[in-house]
Amino acid sequence: MGGDILDAALSRLAMHARIVICGAISQYNATAPVKGPANYLSLLVNRASMTGMVVFDYADRYGEAAREMAGWIAQGKLKCKEDVVTGGIDAFPEVLLKLFRGENVGKLVLEVTDK
(Lines give C-alpha, C1' and ligand atoms only; values in the text may rest on other atoms or scores of the structure.)
Protein backbone atom coordinates (compact mmCIF):
# COMPACT_ATOMS: atom_id res chain seq x y z
CA MET A 1 0.00 0.00 0.00
CA GLY A 2 1.05 3.55 -0.35
CA GLY A 3 -0.30 7.06 -0.84
CA ASP A 4 -3.48 7.97 1.03
CA ILE A 5 -3.95 4.48 2.51
CA LEU A 6 -0.46 4.52 4.01
CA ASP A 7 -1.12 7.99 5.46
CA ALA A 8 -4.35 6.75 7.05
CA ALA A 9 -2.61 3.71 8.51
CA LEU A 10 0.20 5.84 9.96
CA SER A 11 -2.34 8.05 11.73
CA ARG A 12 -3.64 5.01 13.67
CA LEU A 13 -0.42 3.34 14.83
CA ALA A 14 -0.15 1.53 18.12
CA MET A 15 2.85 2.16 20.34
CA HIS A 16 5.89 0.24 19.02
CA ALA A 17 4.04 -0.75 15.83
CA ARG A 18 5.97 -2.43 13.04
CA ILE A 19 4.95 -1.50 9.50
CA VAL A 20 5.98 -3.61 6.54
CA ILE A 21 6.21 -1.90 3.18
CA CYS A 22 5.59 -4.44 0.44
CA GLY A 23 4.56 -2.89 -2.84
CA ALA A 24 2.83 0.42 -3.31
CA ILE A 25 0.36 -0.26 -6.09
CA SER A 26 -1.28 3.15 -5.70
CA GLN A 27 2.00 4.66 -6.91
CA TYR A 28 2.87 2.21 -9.73
CA ASN A 29 1.42 4.33 -12.55
CA ALA A 30 2.12 7.73 -11.05
CA THR A 31 3.02 10.36 -13.61
CA ALA A 32 4.15 12.80 -10.92
CA PRO A 33 6.89 12.09 -8.38
CA VAL A 34 5.96 9.32 -5.94
CA LYS A 35 4.16 10.72 -2.91
CA GLY A 36 5.84 10.00 0.41
CA PRO A 37 3.92 9.55 3.67
CA ALA A 38 2.65 12.80 5.14
CA ASN A 39 2.14 11.27 8.59
CA TYR A 40 5.68 9.95 8.97
CA LEU A 41 6.13 11.71 12.33
CA SER A 42 3.67 9.19 13.77
CA LEU A 43 6.56 6.71 13.51
CA LEU A 44 8.53 8.87 15.95
CA VAL A 45 5.70 9.62 18.36
CA ASN A 46 4.69 5.94 18.56
CA ARG A 47 8.28 4.63 18.55
CA ALA A 48 7.28 2.59 15.51
CA SER A 49 9.44 1.17 12.75
CA MET A 50 8.88 0.83 9.01
CA THR A 51 10.78 -1.75 6.99
CA GLY A 52 10.70 -2.63 3.33
CA MET A 53 10.28 -6.21 2.16
CA VAL A 54 10.19 -7.88 -1.23
CA VAL A 55 9.26 -11.47 -2.01
CA PHE A 56 12.81 -12.23 -3.17
CA ASP A 57 14.00 -11.82 0.43
CA TYR A 58 12.44 -15.24 1.07
CA ALA A 59 13.38 -17.05 -2.15
CA ASP A 60 15.14 -19.80 -0.20
CA ARG A 61 11.81 -20.64 1.48
CA TYR A 62 9.54 -20.76 -1.62
CA GLY A 63 9.35 -24.57 -1.53
CA GLU A 64 8.48 -24.62 2.15
CA ALA A 65 5.75 -22.03 1.61
CA ALA A 66 4.28 -23.90 -1.36
CA ARG A 67 4.07 -27.14 0.62
CA GLU A 68 2.52 -25.47 3.65
CA MET A 69 -0.05 -23.53 1.62
CA ALA A 70 -0.95 -26.62 -0.43
CA GLY A 71 -1.72 -28.40 2.85
CA TRP A 72 -3.90 -25.52 4.02
CA ILE A 73 -5.81 -25.55 0.71
CA ALA A 74 -6.34 -29.32 0.97
CA GLN A 75 -7.62 -28.91 4.55
CA GLY A 76 -9.95 -26.06 3.57
CA LYS A 77 -8.08 -23.62 5.82
CA LEU A 78 -7.06 -21.46 2.88
CA LYS A 79 -9.53 -20.55 0.16
CA CYS A 80 -8.34 -19.44 -3.26
CA LYS A 81 -10.37 -16.87 -5.16
CA GLU A 82 -9.65 -16.52 -8.83
CA ASP A 83 -11.04 -14.29 -11.55
CA VAL A 84 -10.39 -16.32 -14.71
CA VAL A 85 -10.71 -14.46 -18.00
CA THR A 86 -10.67 -16.55 -21.18
CA GLY A 87 -9.20 -15.14 -24.37
CA GLY A 88 -6.21 -14.99 -26.62
CA ILE A 89 -2.87 -13.47 -25.78
CA ASP A 90 -4.08 -10.28 -27.48
CA ALA A 91 -6.50 -9.86 -24.52
CA PHE A 92 -3.58 -9.49 -22.08
CA PRO A 93 -3.33 -5.66 -22.03
CA GLU A 94 -7.03 -5.20 -21.23
CA VAL A 95 -7.02 -8.02 -18.66
CA LEU A 96 -4.00 -6.47 -16.92
CA LEU A 97 -5.82 -3.15 -16.73
CA LYS A 98 -8.63 -4.90 -14.82
CA LEU A 99 -6.08 -5.45 -12.05
CA PHE A 100 -5.16 -1.78 -11.80
CA ARG A 101 -8.81 -0.67 -11.97
CA GLY A 102 -9.72 -3.02 -9.12
CA GLU A 103 -12.22 -4.94 -11.25
CA ASN A 104 -11.11 -8.42 -10.18
CA VAL A 105 -11.69 -10.45 -7.03
CA GLY A 106 -8.78 -12.66 -6.01
CA LYS A 107 -6.01 -13.79 -8.34
CA LEU A 108 -6.49 -12.49 -11.88
CA VAL A 109 -5.78 -15.22 -14.44
CA LEU A 110 -5.80 -15.00 -18.23
CA GLU A 111 -6.60 -18.44 -19.61
CA VAL A 112 -5.22 -18.41 -23.14
CA THR A 113 -7.29 -20.41 -25.58
CA ASP A 114 -6.06 -22.05 -28.77
CA LYS A 115 -8.44 -19.95 -30.87
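Buried residues (under 20% relative accessible area, with exposed over 50% and partly exposed in between, using a 1.4 Å probe and protein chains only) make up 19% of the 115 residues in the protein. The model is a predicted one: local features need pLDDT of at least 70, side-chain atom pairs count only at pLDDT 80 or more, and totals for chains, interfaces and linings use all residues. Residues are numbered from 1 along each chain as its sequence is written, and side-chain values use heavy atoms, with hydrogens and water left out.

The protein has four helices and four strands. Both kinds of element are DSSP runs numbered from the N terminus, helices being H or I with at least four residues and strands E with at least two. Along the sequence, the pattern reads α-β-α-β-α-β-α-β. The radius of gyration of the protein is 19 Å, well over the 13 Å given by the globule rule for 115 residues, so the protein is more spread out than a compact globule. This radius is taken over C-alpha atoms, and the rule is 2.2 Å times the number of residues to the power 0.38. Along the principal axes, the C-alpha atoms fill a box of roughly 60 × 40 × 25 Å.

The accessible surface of the protein is about 9000 Å². Carbon and sulfur atoms hold 60% of that surface. Areas come from the Shrake-Rupley method with a 1.4 Å probe; for residues, only the protein chains shown count as cover. Contacts (heavy atoms within 4.5 Å) were also counted. Of those with a separation of 6 or more, 66% join residues 24 or more positions apart.

Two loops come into contact. His-16 and Ala-17 belong to the loop between helix H1 (3-10) and strand S1 (18-21). Asn-46 lies in the loop between helix H2 (41-45) and strand S2 (49-52). Asn-46 touches Leu-13, Ala-14, Met-15, His-16 and Ala-17, leaving out residues up to four places away in sequence. With 14% relative accessibility, Asn-46 counts as buried. Ala-17 counts as buried too, at 15%. Beyond its neighbours within four places in sequence, Ala-17 is in contact with Asn-46, Ala-48 and Ser-49.

His-16 is exposed, at 56% relative accessibility. Its phi is near 65°, a positive value in a residue other than glycine. Arg-47, in the loop between H2 and S2, also has a positive phi, near 50°. Arg-47 is exposed, with a relative accessible area of 52%.

Helix H3 covers residues 62-74. Its 13 residues should span 18 Å at 1.5 Å a residue, and its end C-alpha atoms are 18 Å apart, which agrees. The expected span is 1.5 Å times one less than the number of residues. Just after H3, Gly-76 takes a positive phi of about 80°.

S3 pairs with strand S4 (residues 107-112) in the parallel sense over six bridges; pairing requires at least two DSSP bridges between the strands. Glu-111 in S4 is the bridge partner of Thr-86.

S3, helix H4 (residues 92-101) and S4 make a right-handed β-α-β unit. Right-handed describes a path from the first strand over the helix to the second that runs clockwise, with the strands pointing away from the viewer.
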